[in-house]
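I opened this entry to look up the pockets and what lines them. The overall make-up comes before that.

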Amino acid sequence: MNHGILSASSSSSSTRSLVLSTKPWDGMRTGSEPNNNNNTYGDGKFVNKEVVARWRVPMHGQIYEIEFEHGTASGKRVLWIDKQEIFRRDWMFKLVGEDMFRLEDKRCIIRVDPLPGFKYSYSLYVDGKSYEQFTESQAKALKTWEVNLGDNFYRIVLEKNTLNIYVNGKLIEENGEFVDGGTDTTFIEDGNRFVLSARTSGNKRQGIVHALAVNGVPVQDGSGGGSSVASTEECDDAGDGEWISGVA
């Protein structure tokens with residue numbers, strides 16, 4: 001997968017993360033020991049990773065998983081995006097500082113800051129915003145549906161500001177058709193007919209209401225309903241992260 005990584009760099013100057021726990025990361029918590037992860041990554045090789053922070057970043061119809069390793073003895077820093085190694089710095093004299101990289105067209109920074117007791121906090125900034133600010137803005141700008149039809153999974157994302165529609169991260173080229181009260185955009189995936197509708201709500205604060213139907217069946221929100229679609233869920237890409245550890 002092309003992540004649009006244009007460059008990666010670090011500076012001597014001295015952002016909430018997703019993991020397997022459910023304790024939310026507040027940007028300052030620390031753990032008592034590193035989180036050792038053994039995974040098969042990249043080219044299929046078995047690697048031992050010490051991931052101290054993990055974030056899920058929604059962007060252009062996809063969710064990128066960013067993992068960061070930090071070794072306090074060697075200063076090692078390793079960045080992974082969707083299980084692909086982006087950069088590796090095995091020996092660094094300074095244990096704190098910043099590393100810059102690009103995620104598609106956005107400039108990103110991971111910052112390592114010291115905490116009392118030889119511990120560290122890890123922060124992610126995307127496009128000049130903290131992780132929390134960026135994901136909150138994305139949650140407002142995106143509308144997302146996840147649909148399971150038999151063995152097929154579809155993730156449909158609407159960018160409200162551009163009206164671009166993505167299916168499993170791929171931009172579709174269909175144009176909306178004007179109908180009474182709004183527009184309908186129809187596209188076909190694996191023989192399944194998707195219709196994304198936009199209607200005026202009549203409420204100034206609510207604005208435009210977007211809804212999705214698959215093969216004539218409305219996709220329900222998470223509360224359930226009488227949909228005959230095998231499994232559907234409507235969600236906002238808030239990108240909330242969870243705490244792994246604040247110590248490498």
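**Overall make-up**

I counted one helix and 20 strands in the protein. The model is predicted, and I read every value with that in mind. I checked burial next: of the 248 residues, 45% count as buried.

**Largest pocket**

How much space lies in the largest pocket? I found about 230 Å³. I went through its lining and listed Leu158, Leu163, Ile165, Glu174, Gly176, Phe178, Thr183, Thr185, Leu196, Ser197, Ala198 and His210. Two elements give two or more residues each to this lining: β16 (182-189) and β17 (192-200). Which of them gives the largest share? I noted β17, with three residues. I sorted the lining by type and got six nonpolar, five polar and one charged.

**Second largest pocket**

I moved to the second largest pocket, where about 170 Å³ of space lies. I recorded 13 lining residues. Which of them lie nearest the centre? I wrote down His60, Lys106, Gln138, Glu159 and Asn161. I traced the largest share of this lining to helix α1 (residues 131-141), which supplies four residues. By type, I have four nonpolar, five polar and four charged residues here.

**Side by side**

I set the charged counts together for reference. The lining of the largest pocket has one charged residue; the lining of the second largest pocket has four.

Notes: Residues numbered from 1 in each chain as written. Predicted model: local features only at pLDDT ≥ 70, side-chain atom pairs only at ≥ 80, totals over all residues. Heavy atoms only, no water. 1 Å grid on protein atoms, 1.4 Å probe; cavity = no way out; pocket = protein on both sides within 12 Å on 5 of 7 lines; lining within 4 Å. Points joined across faces, edges and corners; volume = space filled by probe spheres on them. Nonpolar A, V, L, I, M, F, W, Y, C, P; charged D, E, K, R; others polar. Buried < 20%, exposed > 50% of the residue type's maximum accessible area, 1.4 Å probe, protein only.
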